[in-house]
Amino acid sequence: MKFFVDTADVAAIKELTELGMVDGVTTNPSLILKSGRDIQEVTKEICDLVDGPVSAEVVALEADRMIEEGRKLARIADNIAIKVPLTWDGLKACKTLAGEGRMVNVTLCFSANQALLAAKAGATFISPFIGRLDDINLDGMQLIADIRQVYDNYGFETQILAASIRTVNHALQSAQIGADVMTAPPDVIKKMAAHPLTDKGLEAFLKDWEKTGQKIV
Ligand code: E4P
């Protein structure tokens with residue numbers, strides 16, 4: 001499973017990159033706002049840091065304007081994936097931009113039918129939002145499973161990018177279902193390493209080690 005980091009925080013990306021945990025990055029307008037940085041500048045910095053796809057999102061609503069914005073964003077670096085919303089215009093923009101050989105990430109996906117359309121429009125990635133479905137008492141994980149089934153039935157190559165991941169269980173279940181990629185905030189990725197029995201075990205080992213009076217030299 002590929003790991004994308006869902007942030008525009010360069011320091012956090014750098015830390016995870018050094019551990020080999022970063023196969024790509026996703027950003028969106030809210031994450032750019034949170035970073036307090038200029039979109040072009042911060043996106044370029046991220047693209048220089050990461051080898052894999054870096055998603056940058058258009059903000060226009062009409063297809064023609066989305067295509068224009070997408071082409072501008074793609075000029076930032078070769079590893080830009082243009083993020084378009086799953087609207088009818090977004091699908092039109094996806095078809096055109098994908099036809100130009102660009103990576104396209106179709107975002108704000110909340111149904112398997114939407115994902116089917118994105119695959120037919122040539123999306124490189126489809127981003128189903130797990131957490132936001134859970135927020136309204138729907139089953140975000142079932143959506144990942146439904147899309148996996150539909151894509152596998154017909155051999156669509158669009159990669160399922162499990163997004164809006166809020167917990168370590170979201171990450172595990174996405175992997176179990178077979179999402180191709182997950183994008184998670186840095187703190188969720190770091191929490192995946194945590195287990196209370198690891199901490200407890202380590203504490204006990206260190207106490208016993210102290211009693212031996214030895215040193216590793
Ligand atoms: C990533 O591509 C999405 O924009 C992001 O995962 C959304 O997450 P949120 O629902 O926590 O804002």
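Start by selecting the ligand and the residues around it: Asp6, Thr26, Asn28, Lys83, Phe129, Arg132, Ala163, Ser164, Arg166 and Thr183, each with a heavy atom within 4 Å of the ligand. This is a predicted model, where local features need pLDDT of at least 70 and side-chain atom pairs count only at pLDDT 80 or more, while totals for chains, interfaces and linings use all residues. Residues are numbered from 1 along each chain as its sequence is written, and side-chain values use heavy atoms, leaving out hydrogens and water.

Now colour that shell by residue type. You will find two nonpolar, four polar and four charged residues (Ala, Val, Leu, Ile, Met, Phe, Trp, Tyr, Cys and Pro count as nonpolar, Asp, Glu, Lys and Arg as charged, and the others, Gly among them, as polar).

Next, show the side chains of Lys83, Ser164 and Arg166. A polar side-chain atom of Lys83 lies 2.7 Å from a ligand oxygen. In Ser164, a side-chain N or O atom is 2.7 Å from an oxygen atom of the ligand, and for Arg166 the corresponding distance is 3.1 Å. Taken alone, the ligand exposes 340 Å², and the protein buries 85% of that (areas by the Shrake-Rupley method with a 1.4 Å probe).

For the last stop, select Val25, which has its place in strand E2, residues 24-26 (strands are DSSP runs of at least two residues, numbered from the N terminus). Val25 is buried, with a relative accessible area of 0% (buried means under 20%, with a 1.4 Å probe and protein chains only).

Definitions and conventions:
A polar contact is a pair of N or O atoms within 3.5 Å; within protein, one must be able to donate a hydrogen and the other to accept it, and residues adjacent in sequence count only if both atoms are side-chain atoms. Helices (H or I, at least four residues) and strands (E, at least two) are DSSP runs, numbered from the N terminus. Buried means under 20% relative accessible area, exposed over 50%, partly exposed in between (1.4 Å probe, protein chains only).
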